[in-house]
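Dear colleague,

Here is the structure for you to look through. My notes on it follow below.

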Amino acid sequence: MSGDNRIDIYTIPPNFAEEGTILSGRVKTRNALETALLLSGLVPLIMSLDVAGKTKLYIGMIVLVPVIILAVMGVQGESLFAFIASFFRYLRRRRILSVPDERYRLEQSRRKERVQRGGKRNREKGKKRKRPEKSLEEGVKESQKGAEEGAEKKDKKTKWKKHPKKADVGENGDRETGGVL
């Protein structure tokens, strides 16, 4: 009776019925074709070397085995040729980061001004404002001055907000400053 209620559990491997693979899902077809292409180019090259047979064998083992393994396995989920293509694409498109120039800093300060004024939507339509032209040094001096003024205002506000801790009035009219009753 207890044998009738038994449930058999079968695990399905992740590469089951995966399309585009060979050798029971272990190797992708693209990687296998790239490996065959590399071998068809490297084997004749090694065989054409003018060295002894034993030396050809050693050179073949040193060169071919790592290249074959790399081509069959791929690099980070990509095929070897796709990885090489993305590497050269990166080299061509990479950028060098440097210190921002004066034009960039001016553009950023104008953006900050727009945000502080409320952006384009809150400005009145039809009116165009002339922006005062400042040099970079004047803008830095103004921002430092504004920061100092802001710090002074903050100090003044904190003086108003600081209150001594109120003490509780006890039964005798004495002020008690906490404690357990």
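Helices (H or I, at least four residues) and strands (E, at least two) are DSSP runs, numbered from the N terminus. The model is predicted: local features need pLDDT of at least 70, side-chain atom pairs count only at pLDDT 80 or more, and totals for chains, interfaces and linings use all residues. Residues are numbered from 1 along each chain as its sequence is written, and side-chain values use heavy atoms, with hydrogens and water left out.

The chain has 6 helices and 4 strands, in the order β-β-α-α-α-α-α-α-β-β along the sequence. Of its 181 residues, 10% are buried (under 20% relative accessible area; exposed is over 50%, partly exposed in between; 1.4 Å probe, protein chains only).

A nonpolar patch on the surface is formed by Leu37, Phe81, Ile84, Phe87, Phe88, Tyr90 and Leu91. Helix α3 (residues 80-93) supplies the largest share of the patch, 6 residues. Leucine 91 lies in helix α3 and is partly exposed, at 32% relative accessible area.

The structure holds 1 aromatic pair. Phenylalanine 87 and phenylalanine 88 form this pair, edge-to-face, with 5.7 Å centre to centre and 65° between the planes (ring centres of Phe, Tyr and Trp, its six-membered ring, within 6.5 Å; planes under 30 degrees apart are stacked, over 60 edge-to-face, the rest tilted). Phenylalanine 88 is exposed at 51% relative accessibility.

Regards

Methods: Patches are made of residues with over 30% relative accessible area and no salt bridge: like charges are joined within 9 Å, nonpolar side chains (Val, Leu, Ile, Met, Phe, Trp, Tyr) within 5 Å. Accessible areas come from the Shrake-Rupley method with a 1.4 Å probe; for residues, only the protein chains shown count as cover. A salt bridge is a side-chain nitrogen of Lys or Arg within 4 Å of a carboxyl oxygen of Asp or Glu.
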